[in-house]
Structure formats: structure tokens, C-alpha cells
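Please open the model in your viewer and follow the stops below in order, selecting each group of residues as it is named.

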Amino acid sequence: QHGPHVSQLLLFGLLLWAFGTLLIRWGVPPAVAWLATLLWATHPICVQSVAWMSERKGILAALFVAATGHAWIRYRASQRIGWLVLAMVCAVCGVWSKAPAVFGPLAFAAWDLILLPRARSRWLAIVLVGGAAVAASVPVVVIASQMRVIDEEEGGAHVARLAAAVGSLGHYVQSMTLVQKPALSYPIQSDGPGALDLVLGVLALLGAAAAALVRRTAETYKLRLAALAWIGAWFLPISHLIAPVHILVADRYAFLFAFGVCLAIALAIEQLRGTLRLALAGGLVCLLAVRSVQEEQAWTNSIELFTRAFETNPRDPQMCENLASAIYAAGDANTALAILHAGVTARPREPHLLMKASQILWQTGEHDAALGTAQAAAESGLSSAAWRYAVLLELANHPQDAVWWARRAARYHPELEMYQRTYATILVELGRLDEAEWALRTAIASPDHPVLDDLRLADVLVRLHRYAEVPAVLDRARHDPLLSHQVKRIEAQLPH
């Protein structure tokens, strides 16, 4: 991919129009509304959401959030129930596109309280649209918890969550002010909030409090409160105060949060006088646009992308592994190994990096070095590392050494049939057929296990002279024409 996909750009263009007109409908002066939208459109923090095709869900969620806001204000202006129903439907669609969209109704409820006149319809909108979003979020939260997207261990105690919230706010201050270059990984993710993150987070909170308290003209004050309400509503899901998400910070998390910051900046610029206001607005938009174009270069290929991430946070083992894999796929094994060595230096004995290094060493013919590196990974206690080390030992004709590691992986994760298959293969090689049968029966307990496992079990049963059990085991394999020769070979060994 060289640049954002055309369809992604079209959706983003539609989103910009939706947000610009949304602000105007809610009473923001058109000049401020379009300047805020332009600042947001050109800010580098949005590059990840637009350039990354997997983040289309974020763009779609934002579109549904905007549609919810449009329907909400139309309902409040006309009192027509159809607009309220549309707002509820859009709120649900937003949540099912991306979970943080559940906070969209909260933002619009705050806007309603700040910008619109009192009416009974206000509370009906807040209750029904907010209720629809919350109801839609229930299955999403359950699935996210099961997949460990929401990880209680990540947030830790209350103090840790508070530090995560303040530190992540400080991080986003650096991103919004262009101090921090956009990347897939940041030091705060590996090491937690640093002193600068915490200080900037506290200063940002104090600045927000001052902006909420200082009051000049009523109209300007209301718009400032609306910007702060938007920022606060969209910071909640990324602050870790409500739920500790498994990644501490990410540019894509701040996608909608950044829009509120851009609105606040546009409101501040609007207070300046003619020429200065125009010069500052034009210069800022040009600066942001140039930086966005520069940052988009990192998304043109995997090596560029993971190089930026690894340079920004060399202690992130996932980014190190991704970069090494991309470089090795490009044919440069030595550089890939050097990257992995640098990663292990930053995170000594990190099993995933050692596993990747052992894989490359084995494929390049350095078998002794590969075995030593794989052993170091396996000794970390990671079951996948133990399994990979067993596989390499078997390939190196050391089944007696391999069986202990294979058994360790298979017993720790009996549900993973590939672990059981490897364990069984080594046991068969050692002549321990009774144990091999147990491992293979565990493997075929999975409904999606490969048919080859049935053939392996049938072969073991033949060796154990338990011929009566073989036909039932071969039942599924008989229906696969590609395996007919192997089925016939096993059946030929059965007594007639």
C-alpha cells in the first residue's frame, strides 16, 4: 500500500463534512466550525486512523457518531420522533462499529445541557439515545473482556489507573503539540508514564479547569464549555479510569478526542484580531498538513512503519519482532538478527524475540545457534516457546530431549491440537505408543482438527494391535479423496 486507500479517503472526506456541518447545526459560528474541522483533518494524530485500513471501523464509528449528533439536534429543533429513532439507531451502529462510540451520546447530552434551551425532549433524548448505546455496548464489553482487550491486570490498583489517566493525557498533549511523532508504539506503553507525561497531564487538567472557570461573554463561554465537554467525554474511554485497555496509548484512540482539542484551538484563534487571526490559522493548517504528509510516509510499507515504531520504543518486543520479520521477508537475515539482538538487549531474555531469532537462525542453516536460542526462550516458561524448541530438537534428531519440552507444552495447553500432535509424533518415534494415543485423542477432541490426526491415531492403534477401533477412527478420512491411498495402506494392515 502506498498511501491511504481511496475508499478510506472518501469516507474521511465525508466525515469532515459531517463534523463541520454538525458544529454549525449546534450553534458554532461557521468560521470556527470549519477551522476546527480543517485543523483536525490535517493533524498528524489522525494519520493512523486514515492510513490504516483496519481502522476503517474507527472512521465508520465516527461517521455514526456524527449522524447521531445531526439526528439529535434535528429532533430537538423539530420535536419529530423519527429523528429521535434515527439518533438511537445511529448510536447503536456506532457502538457496533467501535466500542468507544458509546460515549457519543454522553458528548451530545453535555452539548444539549450547555448549548440548547430547556425542554422535556432533552431528557427523552438523553435517556433513549444513551440507553440504546449502553444496551448495544453490553455484548461488545463481554467479547472484549473474553479477548483480553479489557485487561484488569493492565490497570492495576486505583493509584495506577490514576497515573495511567494523567500520564496518557500528558502523552496526548505531546502528540497534539507535535512534540511526539506518530508511531505504532511509544515508551509509555512499555515503561508506564514518565515524569514528563505526568507533569503535562496535570498541567492539562489545570488548564482545562481554568478554561472552564474564566468567563467573559456568555456565548464564547458556552462554546468553550462545549469543547471541554467533548474532550472530556472522549478522554474517558481512553483514560483507563473506566476500564483498563490492554494498550496504554495509541493515536487511533485519540481520533475523536483530538477533534475537541482542535475546536478549542479554533475558538482561541477566533478571539484574535483580523490579520493575526488569519496568519495564525493559515500557518497552523500549513504546518499540520506538511507534518501529516511527512508522517504518512511511515505507512507506505511495513519496514518503514515498524522502523518508526522500533526507533520510538525499542523496548516494545512486538514492534521489534514485526520489524525483524519484515526485514527478513525482504531477504536480509543479518539485519533482521541484528534488530532482534538490539531488542533482546533492551528486554533481556524476551521469549518472543528469542523465538523469532531461533527461527531465522534455523532457516539460515545455523542450527546449533538456533537450538541454543530456542532453549533460552523455552526456559522462560512460555508454552509456545517450549513447543517450538521441541520441534527444533525433533528436526535435529534429538527426540529424547524434545519429548520433555513437547509434554510441557501439551499439558499446559491440552486444547491446542498442534501441541498434542507434536508430542504424539515424538512419542511414536520413541516407541511410546500408549502415551502417543492419549496425545492424539486429545488432539482430535477439537472439532476442527485436521483429518491427518485421524490417520496418525489409526496408525498408532494398528501398531498397538487394537484393530477393532481403527474403522471408526478412519471414518472421516474415507470421505477425503486425497487421503484414499493412506486410508487403504492402513486398512491393508487390518486382519481379515
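Select Asn-313 to begin: at 1% relative accessibility this residue counts as buried, a word that here means under 20% relative accessible area, with over 50% called exposed and the range in between partly exposed (1.4 Å probe, protein chains only). The model is predicted, so local features need pLDDT of at least 70 and side-chain atom pairs count only at pLDDT 80 or more, whereas totals for chains, interfaces and linings use all residues. Residues are numbered from 1 along each chain as its sequence is written, and side-chain values use heavy atoms, with hydrogens and water left out.

Asn-313 sits in the loop between helix 15 and helix 16, where helices are DSSP runs (H or I, at least four residues) numbered from the N terminus. Its side chain reaches the backbone oxygen of Tyr-186 at 2.8 Å. If you leave aside neighbours within four places in sequence, Asn-313 is in contact (heavy atoms within 4.5 Å) with Ser-185, Tyr-186, Pro-187 and Ser-190.

Next, select residues 302–312, which form helix 15, together with residues 317–329, which form helix 16; they pack at an angle of about 150°, with axes 9 Å apart. That angle makes helix 15 roughly antiparallel to helix 16, a label for angles over 145 degrees. Among the residues that meet here are Phe-306 and Phe-310 from helix 15, and Leu-323 and Ile-327 from helix 16.

Finally, move to Ser-137 in helix 7 (residues 120–146), which counts as buried at 13% relative accessibility. The side chain of Ser-137 reaches the backbone oxygen of Val-134 at 2.6 Å.

Conventions. Axes fitted to C-alpha atoms, helices over the stretch in contact; angles between N-to-C directions. Helix = DSSP H or I, 4+ residues; strand = E, 2+ residues; numbered from the N terminus. Parallel < 35°, antiparallel > 145°, perpendicular 65-115°, else oblique. Polar contact = N/O pair within 3.5 Å; in protein donor to acceptor, adjacent residues only side chain to side chain.
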